[in-house]
Amino acid sequence: MLNFPNDSLNTAQIIFQSHDQYQVIFADRSVHQATLAGRMQLADTLPLIGDFVSGQVYDQDKFLITTLLPRQTLLTRASNQQDQAIAANVTTVFITMSLNADFSTSRVERYLTLVWDSGATPVIVLTKTDLEPELLVQRQLELEAIAFGVPIITTTSTTPLVAREQLNAYLQPTTTAVFVGSSGVGKSTLLNILAAQQLQSTKAVRGGDDKGRHTTTARQLFYLPNGAALIDSPGIRGVGVASSTTTATAQSFPDITSLAQQCRFNDCQHEQEPGCAVQAAIANGELSAQRLADYRRLLRETEYSTMNSRQITAAKIKRMVGNKKNLRRR
Ligand SMILES: Nc1nc2c(ncn2[C@@H]2O[C@H](COP(=O)(O)OP(=O)(O)OP(=O)(O)O)[C@@H](O)[C@H]2O)c(=O)[nH]1
Ligand SMILES: [Mg+2]
Ligand SMILES: [Zn+2]
């Protein structure tokens, strides 16, 4: 297959993992149960969905994984101060969100940060546009204000052929894509539309609050008819931003970083410093105060995610005291 790193018959890709049980696919699209060779079980880095591995077939159809091949990309998020790997070798991340109850531009900003950090390319997918069509234009404008060139596509399962065409524009035979987003936004529905068959089960959202029911419980990689690989994943509850993402945060906020270059002081915190271009942009309506607040919150998280809990407490206290000082000075 086109995204395989070599054409060795011993190369396979992880398409499913549960504890120490794996499923792998070969370039000829045959699927095998797999386990890790003894010395791999002790390795620092364990194979993950999307990873390419090499090994050997035994017992006719089982596969013993002996080597993890180098990764091109690694998508991670922070969960309880720990980086949690989502998938390897992903080239395209579909940030999926419904236009009604699940809509949040702050959440998209978070996702963008973790995608930029992974080496993959983001695409924003606004789903369920049939539910509240009168919201569509407003939602698109809100997204455009934070997307900075990231493509935004809109889908509805009521016109599956249109949805398929929209998504297929980003699914080449060399693509490995993943759906991320909250439960119930329609990730598995879109996967089924692309595959033109019912590969994954889907379930209606709750009546009261439109929350999903966590129907998909494990990540799984599928090859689509056009040769692209697509990973369906369970709904994510909270999107934490993993460590080492200061640069990715800046990349998700190009408006603020370019304004910041015009601030008088190059260590400007964009608070009450004279000659602050960021505050000036907020004052004249060019930048929203919410956008600066989101940026600050993400930077703080990035900083926290590399600290232990005692360091976090210390940093929080320092920040509180610092804020009080600012107030007093005024
Ligand atoms: N009206 C409408 N309903 C949709 C659309 N897409 C999905 N749904 C419905 O929304 C519900 C949830 O869809 P799923 O595809 O299971 O959502 P999911 O994102 O995979 O959810 P998890 O697996 O829990 O993360 C199902 O009842 C779908 O039929 C859409 O475009 N319009
Ligand atoms: Mg699902
Ligand atoms: Zn400034």
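**Ligand and zinc sites in a predicted model**

An oxygen atom of ligand 1 lies 2.9 Å from a polar backbone atom of G235, a polar contact being a pair of N or O atoms within 3.5 Å. Of the 660 Å² of accessible area that ligand 1 has on its own, the protein covers 86% (Shrake-Rupley method, 1.4 Å probe). This is a predicted model, in which local features need pLDDT of at least 70 and side-chain atom pairs count only at pLDDT 80 or more, while totals for chains, interfaces and linings use all residues. Residues are numbered from 1 along each chain as its sequence is written, ligands are numbered from 1 in the order in which they are written, and side-chain values use heavy atoms, without hydrogens and water.

Backbone polar atoms of two further residues approach oxygen atoms of ligand 1: that of G186 at 3.0 Å and that of A204 at 3.3 Å. Ligand 1 is surrounded by 21 residues, of which D130, S157, S183, T189 and T216 are the closest (a heavy atom within 4 Å). By class, this shell comprises four nonpolar, 13 polar and four charged residues, with Gly counted as polar and Asp, Glu, Lys and Arg as charged.

The zinc ion (ligand 3) is coordinated at 2.1 to 2.4 Å by C263 (SG), C268 (SG), H270 (ND1) and C276 (SG), donors being N, O and S atoms within 2.8 Å of the metal (3.2 Å for Na, K and Ca). The spacing of these donor residues in sequence is C-x4-C-x1-H-x5-C. The site is tetrahedral, with angles of 104 to 113° among the four donor atoms (all angles between 85 and 135 degrees). C268 counts as buried at 10% relative accessibility, and C276 is buried at 7% (under 20% relative accessible area, 1.4 Å probe, protein chains only).

How values were computed: Tetrahedral: all angles 85-135°; square planar, octahedral: opposite > 155°, others 65-115°. Buried < 20%, exposed > 50% of the residue type's maximum accessible area, 1.4 Å probe, protein only. Polar contact = N/O pair within 3.5 Å; in protein donor to acceptor, adjacent residues only side chain to side chain.
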